[in-house]
Amino acid sequence: MFPRKRPSRGPSGQSDLTKPQNKYSQTDFRKSGEIMEDSDLLKVRLEKIAALKTAGVDLYPNDIKPENTTAEIFERFGETIAADLAQLTDKFSLAGRLMAVRNFGKAAFIKIQDRKGLIQCYVAKNILSEQDFSLFKKLDIGDIVYVSGGLFRTKTDELTIEADSIRLASKAIHPLPEKWHGLTDIEIRYRQRHLDLISNPQVREIFHRRSRIIKLIREFMDSHDFLEVETPMMQPQAGGAVARPFKTHHNALGQDFYLRIAPELYLKRLVTGGLERVYEINRNFRNEGISTFHNPEFTMMEFYLSYATYTDLMSFTEELFASIARNIFNKLTFTYQGQEIDLTPPWRRLSVKDALLQIAGMEPADLTDYERAVAFAHKAGCNIRPADPLGKILMAIFDEFVEKKLIQPTFVTDYPIAVSPLSRKSDSNPDLVDRFELYISGREIANAFSELNDPADQRERFVQQLKEREAGDDEAHEMDEDYIRVLEYGMPPTAGEGIGIDRLIMLFTDSASIRDVILFPLLRTKQG
RNA sequence: GGGCCGUUAGCUCAGAGGUAGAGCAGCGGACUUUUAAUCCGUUGGCCGCGGGUUCAAUCCCCGCACGGCCCA
């Protein structure tokens, strides 16, 4: 829209000036500094603005001080009957976006939307000053306005402000989306989130709830004596998870860095440093595809609890989720995308082995015989590499068959060591680790394990990862000597967990796409 | 990365190989208790972009861009 494209060139390569100029071409060359726009709607607005300026109206004043909000007014007077309101002499003032105008010539009903909601105001010629009323007549839907006045109830019993003054607080140049259908074009909603927030109240509600849930999580962690910390997003080596990183460059240092794929290794340094209970709620970046469940930058909470095991974290997690559900829904059941989810503890616990036998339909021999497992995976169309170890093959089958079946909250346990380079080896079976992943509604939402704090074992795991990297797995973990050295100072026995915050918010807001719970999801930049 | 679908007025959507339609918004007019206010009149379109087929393409074909869903 801004500014208009030059006329296209003909095959001769010359600017095609012989054809009749289109009727907009004059507007292409308006002097710089003015808004260049083709639409007649815009032209009308710009003319109105000129008229307001001539009339001495400040389009962008800096002294607007509303003393009330819509929510406050409804809280105090939402139940007050008309007769009692008539006795009330209190005055109120608020500011917000002009969302609707129902005009009767010498009076009008308008709707003003502030951060809390929407309220009706009555604007009448015999109440307002002449100056204010003529200003009102020039306002557009979409302008930010300030009104003050008392309260009354209309014939239809709607709580309404009777405006005794009205001011322009900020002028809108562009028209708003349609009042009834709102804005539904998904691309515009994500790219111009301000319009989405203005015209779709349920979108505001989602982000209010998101903020509330994150506050609840912080309160929960703080009440368990955790320390909230922030660790580097720019890391010389991207560790702590199995994923491809984004790369960036620091000019002054002349060095490449990676955007973190997880805060894990840094948080465990803090645990080694004696902080014992730490958590971080922040962004991670993974250079992978985009889908309804994946945004390249996403929010995760990671926390580490010393002198605890992964089984301790199961009940901890149950408690955390239950406390959120109680706060949001007042109960432990809710509907997600048409499915009833029940968070009542204790949740199902299912080993990977049992899941593969019971849900994927594998035979016991398939779980231990490499060739049989590979054959099963191929038959199922799983995406595996020739050099993949047995553990990886099994998890590929798990992803294919089991994940989507785990609707009610389920702790999947006993993960193969091959896919868990940072987890403590199980005391009962050296091929497995002390780890769980939490699945709800068919999706991984948390991942936890007893942390590997034996530096020698950690070194072996990294060496194994390097082999897989050489075999073509570019997501395999890199050797991190620095981190091993940290462990050599002695890290207390600790359990750690990561919870995907965006996915958790999806659950608690019944959102189908992760982009509906992220204000500005990553989109390809539009060309031209 | 692959498959399918979408892109028409500021917004929400119809449409059809032959001069582009509605509702809302806008503009002009009437109207002092409306609730998507109503009534009369009216402006507004490179039909995503680039090729091709055709007497004629917004429509059919090919490519591209962006988005959505599914798959990897």
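Asp431 counts as exposed, because its relative accessibility is 52% (buried means under 20% relative accessible area, exposed over 50%, and partly exposed in between, with a 1.4 Å probe and protein chains only). Asp431 sits in the loop between strand 15 (410-416) and strand 16 (432-440); helices (H or I, at least four residues) and strands (E, at least two) are DSSP runs, numbered from the N terminus.

Leaving out residues up to four places away in sequence, Asp431 touches Tyr415, Pro416 and Ile417, where contact means heavy atoms within 4.5 Å. Pro416 is 15 residues from Asp431 along the chain, and their C-alpha atoms are separated by 5.9 Å.

## Basis and confidence of the model

This is a predicted model, in which local features need pLDDT of at least 70 and side-chain atom pairs count only at pLDDT 80 or more, while totals for chains, interfaces and linings use all residues. Residues are numbered from 1 along each chain as its sequence is written, chains are lettered from A and ligands numbered from 1 in the order in which they are written, and side-chain values use heavy atoms, with hydrogens and water left out.

The average pLDDT of chain A is 90, and 92% of the residues score at least 70; pLDDT is the predictor's confidence in each residue, from 0 to 100. Residues 1-37 have a pLDDT below 50, and this stretch has 24 contacts in the model beyond near neighbours in sequence. The model scores are ipTM 0.92 and pTM 0.90.

Eight strands form an open sheet in the order 6-10-11-18-17-16-15-14, with mixed pairing (two strands pair if DSSP finds at least two bridges between them). Strand 6 (227-228) and strand 14 (348-351) stand at the edges with a single partner strand each, so one side of each has no neighbour in the sheet. Strand 6 runs parallel to strand 10 (residues 277-285), and two bridges join them. Glu228 has Tyr279 as its bridge partner in strand 10.

Helix 8 (residues 264-272) lies across strand 10, strand 11 (297-306), strand 17 (443-450) and strand 18 (494-500), and runs at about 25° to strand 11. Axes are lines fitted to C-alpha atoms, for helices over the stretch in contact, and angles run from 0 to 180 degrees between N-to-C directions. Helix 16 (residues 501-509) runs at about 55° to strand 18.

## Nonpolar cores

The largest nonpolar core has 50 residues, of which Ile217, Met301, Phe321 and Leu504 touch the most other members. Such a core is a set of buried Ala, Val, Leu, Ile, Met, Phe, Trp, Tyr and Cys residues joined through side-chain atoms within 4.5 Å. Helix 9 (residues 310-329) gives the most to this core, with ten residues. A second, separate core of 30 residues includes Leu59, Ile110, Phe136 and Leu159.

## Aromatic pairs

The structure holds 18 aromatic pairs. Rings of Phe, Tyr and Trp (its six-membered ring) pair if their centres lie within 6.5 Å; planes under 30 degrees apart count as stacked, over 60 as edge-to-face and the rest as tilted. The pair of Trp347 and Phe411 is stacked, because the ring centres are 5.4 Å apart and the planes are at 25°. Trp347 counts as buried at 4% relative accessibility, and Phe411 counts as buried at 0%.
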